[in-house]
There are 2 protein chains.
Amino acid sequence: MSEAENVQVVIVGSIGLDTIETPFEKREELLGGSVSYACAAASFYTGVGMVGVVGSDFHDDYMALYKQFGIDLEGLQCVEGRTFRWSGVYDADMINRKTLSTELNVFEQFMPVMPPRYRAARYILLGNIAPELQLHVLDQVDAPEFVVADTMDLWINIARDKLVEVIGRVDMLMLNDSEARLLTDQYHLRRCAETIRAMGPEYVVIKKGEHGAMLFGPDGLFLVPAYPVDAVTDPTGAGDTFAGAMMGHLAQNGGVSDGTMRAALLHGAVVASHGVEAFSLDRLASLTAEDIDTRFAELKAMVAV
Amino acid sequence: MSEAENVQVVIVGSIGLDTIETPFEKREELLGGSVSYACAAASFYTGVGMVGVVGSDFHDDYMALYKQFGIDLEGLQCVEGRTFRWSGVYDADMINRKTLSTELNVFEQFMPVMPPRYRAARYILLGNIAPELQLHVLDQVDAPEFVVADTMDLWINIARDKLVEVIGRVDMLMLNDSEARLLTDQYHLRRCAETIRAMGPEYVVIKKGEHGAMLFGPDGLFLVPAYPVDAVTDPTGAGDTFAGAMMGHLAQNGGVSDGTMRAALLHGAVVASHGVEAFSLDRLASLTAEDIDTRFAELKAMVAV
């Protein structure tokens, strides 16, 4: 999609081979991981570079798919060993899931390295990895305009101090409602967001799954709607897709303001809603700019008063 | 608020003395019931008449409160015996609750009667009572412009046929997400709504508690936001307050169109958000038109893209 030289957004995260069971279907060794979803989503808007690691068993066609999206792969490390694997099963509601197994494999020794070409990127998305690695990335960048970190309950529980350090160094923290409550020991989401903003980031996005998200920032509160899909096939990676599309749209539209941020979050919701209609990156692989624009207009009309 | 002659909206439902326990407080014999909340909410917009029943033990100050709201009470039956009582306890999340006891008392023999003055009312809200009673009300009205029915899982389970008859005779069915799924045996809410619209009503509102609601109608889908309150004191009656304010606003603004409907639902969300900030009708009793307008503008800004 973009020239290799033009990396506007850099995304760091996990790459996994996912085995996923839903009430309707079981699929094995699917391409997954936060950075796969987020880079694919960002690629619709701007030049995006991937920082991650795969093992020597990584599938050629998955590598081809990254290239099809136009993702810059200079930051992708290919090392001896097995790729990270995750397997999980979704409940009947297709929302709650249980992890069946996690094999870290090459991800266990992962140390993200920013290629020199990436260091001047203006937009950095720190996907959900250990806070220590997120800090390591922050130490390698020049002066990005906008840095977003995602996180999860695991890091809140086992690496809170490092996570707090990350939170103090980013412009936006993105997390889901239960994580926001766990992190702040508050219940009401407006209070959670206030507490987090006092820790550093100008913006906080609290995700509520199929109920959308809330943006808390200097311009007040924005209720991000979720696009109501007819049927969810696989919700894995929806949050990463949401974040990636948001970053891509911000970069494409020249920076962060209240207006660009609201539109960027709506784009995040739109691309994520397409993504959950199929397993892995299957739907994103066939998605067009027109599909995005059509659903964006539809979603905008659904919230117009 | 309005002259007794000018009853634009008629609301039928239950009146109860509620004993409510939250994680923070227990309150006894509070004024409750669907018609209390809905009439109070509608009274901010237009003349509203109440159809319900209380026993001889009903508190004088509650009757005075109805009058303070300007509610027309000609349809309120006061009969020998004890008033309906309900008690429940809320979980820590203040969303899920458990019913501890229900005493039907005078409500058991309730037969709603529309005073002649009410029969030409243009807006009818059938609060959550037995479908047979809702049908009995429909048999007593002339040619209302807009009839809305609320319902609950109990009636879906024990009186489905009568409920289906009600649904076939109203313009809007309002119910929550789990009820919509139970009624239609579908999971995705857009499919639930399609199924219900095929049963008769032009409009379906599916309520999702603190996540807002969805309006399905001839002009497409509208995602109704919930106003994010700082702290919920008592969520009892929020759905009834929402419905009452919606009806009042529609009546005040001269009828049903896509534009008036969207604004009316936002007003519903706003008045309901005030209502949950205190027990019973306590917050509504001190609410002003200015409070409503302020929060309406705030909520509208929270969804603007």
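Two strands pair if DSSP finds at least two bridges between them. Strands β2 and β3 of chain B meet that mark: they pair in the antiparallel sense over 5 bridges. Within that pair, Leu17(B) stands opposite Leu31(B) in β3(B). The model is predicted. The points below go through the sheets, the helices and the contact between the chains.

**The 4-strand sheet of chain B**

- This sheet is open and has 4 strands, in the order β3-β2-β6-β7, with mixed pairing.
- Strands β3 (26–32) and β7 (97–103) of chain B stand at the edges. Each has a single partner strand, so one side of each is left without a neighbour in the sheet.
- From one strand to the next, the twist averages 20°.
- Strands of a sheet pair through backbone hydrogen bonds, either parallel or antiparallel.
- The pairing of β2(B) with β3(B) is of the antiparallel kind.

**Glu21 of chain B**

- Glu21(B) belongs to strand β2 of chain B, which covers residues 16–21.
- Is Glu21(B) buried, exposed or partly exposed? It has 16 C-beta neighbours inside 10 Å, so it counts as partly exposed. A buried residue would need 20 or more, and an exposed one 12 or fewer.
- Which residues does Glu21(B) touch, leaving aside its neighbours within four places in sequence? They are Lys26(B), Val89(B) and Tyr90(B).
- Arg97(B) lies 76 residues from Glu21(B) in sequence. In space, their C-alpha atoms are 9.4 Å apart.

**The 9-strand sheet of chain B**

- A sheet of 9 strands in chain B is also open, with mixed pairing. Its order is β5-β4-β1-β8-β9-β10-β11-β12-β13.
- The edges are held by β5 (76–79) and β13 (220–224) of chain B. Each of these has a single partner strand, so one side of each lacks a neighbour in the sheet.
- Neighbouring strands here are turned by 15° against each other on average, direction ignored.
- Strand β11 of chain B (residues 203–207) runs antiparallel to β12 of chain B (residues 213–217), and 4 bridges join the two.
- Across that pair, Val204(B) faces its opposite residue, Phe216(B), in β12(B).
- Helix α7 of chain B (residues 189–197) lies across β10 (172–176), β11 and β12 of chain B. It runs at about 145° to β11(B).

**Strand β10 of chain A**

- How many of the 5 residues of β10(A) are buried? The count is 4, and the strand, residues 172–176, is mostly covered.
- Strand β9 of chain A (residues 146–150) runs parallel to β10(A), with 3 bridges between them. Asp150(A) has Met174(A) of β10(A) as its bridge partner.
- Strand β11 of chain A (residues 203–207) is also parallel to β10(A), with 5 bridges. Here Leu175(A) stands opposite Ile206(A) in β11(A).

**Helices α3 and α5 in both chains**

- In chain A, helix α3 (residues 131–138) and helix α5 (residues 160–169) cross at roughly 35°. Their axes come within 8 Å.
- This crossing in chain A is left-handed.
- The side of α3(A) in this contact consists of Pro131(A), Glu132(A), Gln134(A), Leu135(A) and Leu138(A). From α5(A) come Lys162(A), Leu163(A), Glu165(A), Val166(A) and Arg169(A).
- By class, the contact of α3(A) with α5(A) has 5 nonpolar, 1 polar and 4 charged residues.
- In chain B, helices α3 and α5 pack at an angle of about 35°, with their axes 8 Å apart. There too, the crossing is left-handed.
- Among the residues of the chain B contact are Pro131(B) and Leu135(B) of α3(B) and Leu163(B) and Val166(B) of α5(B).

**How the two chains meet**

- Chain B can be laid on chain A by a turn of 180° and a shift of 0.0 Å along the axis, with an RMSD of 0.0 Å.
- The same surface serves both copies, and 100% of the contact residues of chain B recur in chain A.
- The contact takes 23 residues from chain B and 23 residues from chain A.
- On the chain B side, α7, β13, α9 (258–275) and α11 (289–303) each supply at least two residues.
- By class, that side of chain B has 14 nonpolar, 3 polar and 6 charged residues.

Definitions and conventions
Residues are numbered from 1 along each chain as its sequence is written. Chains are lettered from A and ligands numbered from 1 in the order in which they are written. This is a predicted model: local features need pLDDT of at least 70, side-chain atom pairs count only at pLDDT 80 or more; totals for chains, interfaces and linings use all residues. Axes are lines fitted to C-alpha atoms, for helices over the stretch in contact, and angles run from 0 to 180 degrees between N-to-C directions. Two residues are in contact if their C-beta atoms, placed from the backbone, lie within 7 Å. Ala, Val, Leu, Ile, Met, Phe, Trp, Tyr, Cys and Pro count as nonpolar, Asp, Glu, Lys and Arg as charged, and the others, Gly among them, as polar. Copies are superposed by least squares on the C-alpha atoms of residues with pLDDT of at least 70 in both. A crossing is left-handed if the near helix is turned anticlockwise from the far one by less than a right angle, and right-handed if clockwise.
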